[in-house]
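Work through these exercises with the model open beside you. Try each task before reading its solution.

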Amino acid sequence: MTQHIATLWAKRPTPRGLAVDSPARPVFLALGLMLVVGWLLFTIDGGQFFSQANIVGIQQRSAALGIVAVGQTLAILAGSLDLSVAFLISLSSLIAAETMAEYGVLAGIGATLVVSAVVGLVNGLVITRLKVHAFIATLGVALIIKGVLESRYDGPAGHVPESFQRIGFDRIGPVPVSALLWLAIAVAAWFLLSRTTLGYRIFAVGGDPEVARLSGVRTDRVIVTTHVLCSLAAGAAGLLLAARLGAGAPTVGTDGGYDLESVAAVVLGGTALAGGRGGVAGTVGGVLLLAVLDSSFNQLEINSFAKDVVRGVVLVAALAVYARRRYAR
Amino acid sequence: MGRMLRMTGIGKSFPGARVLSDVDLDVAAGEVHALIGENGAGKSTLMKILAGVHRPDEGTIELQGKAVEFGHPIDARRAGVSIIYQELTLLPERTVAENVFLGREPARRGLVDREAMEKATALLMDELGEFSFGPRDLVARLSVAQQQVVEIVKALSVDARIVVMDEPTAALAEHEVELLYRLVRQLSERGIAVLYISHRLREIFELADRVTVLKDGAKVATVPIDQLTTADLVRMMVGRDVTDYYPARATREAGDVLLKVSGGGNDRLDGIDLELRAGEIVGVAGLQGAGRTELAKALFGAEPFSRGEMTPKRPRSVQEGIAAGFGLVTEDRKSEGLALHQSVRDNALLVARTRGQRSGAKVLDLLKRVRLAPPSPEKEVRLLSGGNQQKVVLAKWLTVAPKVLLFDEPTRGVDVGAKASIHELVRELAEDGMAVLMISSELPELIGMSDRIVVLRDGRIAGHLPANPSEEAVMHLAAGS
């Protein structure tokens, strides 16, 4: 009898990662398809899709969004959501650039991460203590940050030292340092989710907060922690953008649409908006998919309205596919 | 056997209502102790006090001789009380092992030892028997019965001393019940006390050593089961004799053919030939997954037939089904039958379309006709008992005067008193000239109510049986043995 279970146990891998029924699989299939389509479009247009310039461009474009989206994945998996990331990115870029100009690179990084963590803490506490729905709580915090930005800044400010700017532009062969930073953050989040008790509890809280609570999980603490991590990711993205711009900018976060775009990347990657199901791998796929789409549009010089229409269609289609898959089960 | 649990003088009031007064309960180690009573008798409150969800106003709880106080469900669990709720508390998107060890994953410095967790789960499963699933399977893939196994494994893994099961067979098919019985007996052999809450008296006679009956928040008696008959139990529960469980069968010949299907099929059903006549109740038997609910939904138009002939015309949608005179009382009234946060009136008018159907006077009449007690149309439906909710569902259909009423598990989660009144109602509707198709997993109910029985197996009709067949005859056809 022992053998009976043991064999079953050995034979069946948990359907996660990139296994056949993993939630992240469709996005990677779509990404593969998109790569082929992109390559075809480039070729027809007389360009070269797999040129170093384009590959580097795709990674550069993805890195900042990718970092935010990894953080957003944690918040969404826990059944929450963070709409304050875009303004927080702007704020972070300004804090980073201003502090670096005065006190040096390390102080700038430190100050940015501390402020980000505090914003995350506020988000988490408003949601758990004041029982405000995450959507409204983080929207409120977003507006507060917006007010601060608008009253204090009317344009780029601060200055990022050359040494730190290199993070934005240096690369090792075809791989930009910014993409490596993204990769490192994604791997860290994957490790957190799949190996640590905190990760298990994030899934539990997102899956069913009541079940988690009755199993002894301190659900409030988990939610606050994911918000702190999500905001730290936004802070890191702010640092990266400051390095690229050489200064802080009060609109860099909202211009990039990092709030809704990060949510879009997460759900494109198969993570359930209600929480409890999904993972970082899918998010990485979602971000890359959006970036490949972008680069194809740029090559074809399609105007930005058509671009948004196509992105909207892709997003809705993806969610329809996921809904079908779940229904079929 | 030592005493495991002793609850003494337990009392509990909620604002405006006294739910429990002076209830004593003691359960021995290794005993299967049944707790029964009608809805509202206080069973679930007593259970929630034991689970640490509610605090008692009066009374004491002793576990293995030691006084305990539970301020939080976690306290109760740590003390060795495991509750298996009717609505299972598992995470569908996590694996079996992850669910078993939820909240207390074996870990070193925050890193989960996945292998240890899966091995421990596998070992516990092996002790219970052979199963066709393993620790790494996602819970979403498991049947309700398998999920109960997971809950039991979870209880074993926390080294539970008492396992409370709340209506564990409510969502199980007949053959799965056997597995549950076996597991309950295994728990008791290990010296674990099982507190078993059920509406199904047959199960209690099958499993329990002793039974405690609650009525209106007070204890009626605790009696060894072998000193009781079913009639005794029912009398203790409802406080009166319920001599005949089921209303008398049809007094006249079945009337006109109201429904005829030949060769009906879709992706879950095949070759369905069926005739329903005015005035008759046709029972549908079958194991879980045999296509019983699918048959009702096909006739109703919710999951339509894609082939075959049908009179009236095969409905392709629910709207067409209702227009053709069908009504469906669904298996899960909370999610498919009622808008829980709306009033009785709003719910009763859910399918009504014309002004005549929607008139206030008529709604009141209908509520009286279905014997909703009290017939208060403004009350929110979620506040009603299961039996009364079911009556509201019935009232909803009666507004449109259907010709064929399809019942899917009409008395699930309904207490004995209300059950009898729903049975009477169903018979009355048939007498009034409706054709009734009734699905039930409870064989005594199915046999007691039906004028004839259709047995399904693997989406096909396995056979027809006349009134009053033996349970064996039904099972024989259903299981195909």
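**Exercise 1.** At what angle do the axes of helix α13 (residues 258-268) of chain A and helix α14 (residues 280-300) of chain A cross?

Solution. First, the ground rules. This is a predicted model, in which local features need pLDDT of at least 70, side-chain atom pairs count only at pLDDT 80 or more, and totals for chains, interfaces and linings use all residues. Residues are numbered from 1 along each chain as its sequence is written, while chains are lettered from A and ligands numbered from 1 in the order in which they are written.

Step 1. The axes of α13(A) and α14(A) cross at roughly 120 degrees and come within 7 Å. Axes are lines fitted to C-alpha atoms, for helices over the stretch in contact, with angles from 0 to 180 degrees between N-to-C directions. Helices are DSSP runs of H or I, at least four residues, and strands are runs of E, at least two, numbered from the N terminus.

Step 2. List the contacts (C-beta atoms, placed from the backbone, within 7 Å). On α13(A), they involve Ala265(A), Val266(A) and Leu268(A). Their partners on α14(A) are Thr283(A), Gly286(A), Val287(A), Leu289(A) and Leu290(A).

Step 3. Sort the contact residues by class: 6 are nonpolar, 2 polar and none charged. Ala, Val, Leu, Ile, Met, Phe, Trp, Tyr, Cys and Pro count as nonpolar; Asp, Glu, Lys and Arg as charged; the others, Gly among them, as polar.

**Exercise 2.** Explain why α5(B) is largely enclosed by the rest of the structure.

Solution. Step 1. Locate the helix: α5 spans residues 144-157 of chain B.

Step 1. Count burial. Of its 14 residues, 11 are buried, so α5(B) is largely enclosed. Buried means 20 or more other C-beta atoms within 10 Å of the residue's own, with C-beta atoms placed from the backbone. Among the buried residues are Val149(B), Glu151(B) and Lys154(B).

Step 2. Find the packing partners. In chain B these are β6 (81-84), α3 (96-100), α4 (114-128), β9 (162-166) and α6 (174-189).

Step 3. Look just past the helix. Asp159(B) takes a positive phi of about 60 degrees there.

**Exercise 3.** Decide whether Val414(B) is buried or exposed.

Solution. Step 1. Val414(B) sits in the loop between β18 (404-408) and α16 (416-431) of chain B.

Step 1. Count neighbours. Val414(B) has 24 C-beta neighbours inside 10 Å, so it counts as buried.

Step 2. Set aside neighbours within four places in sequence. Val414(B) then contacts Gly386(B), Gly387(B), Gln390(B), Lys419(B) and Ile422(B).

Definitions and conventions. Expected span 1.5 Å × (residues − 1). Buried ≥ 20, exposed ≤ 12 C-beta atoms within 10 Å, placed from the backbone. Contact = placed C-beta atoms within 7 Å.
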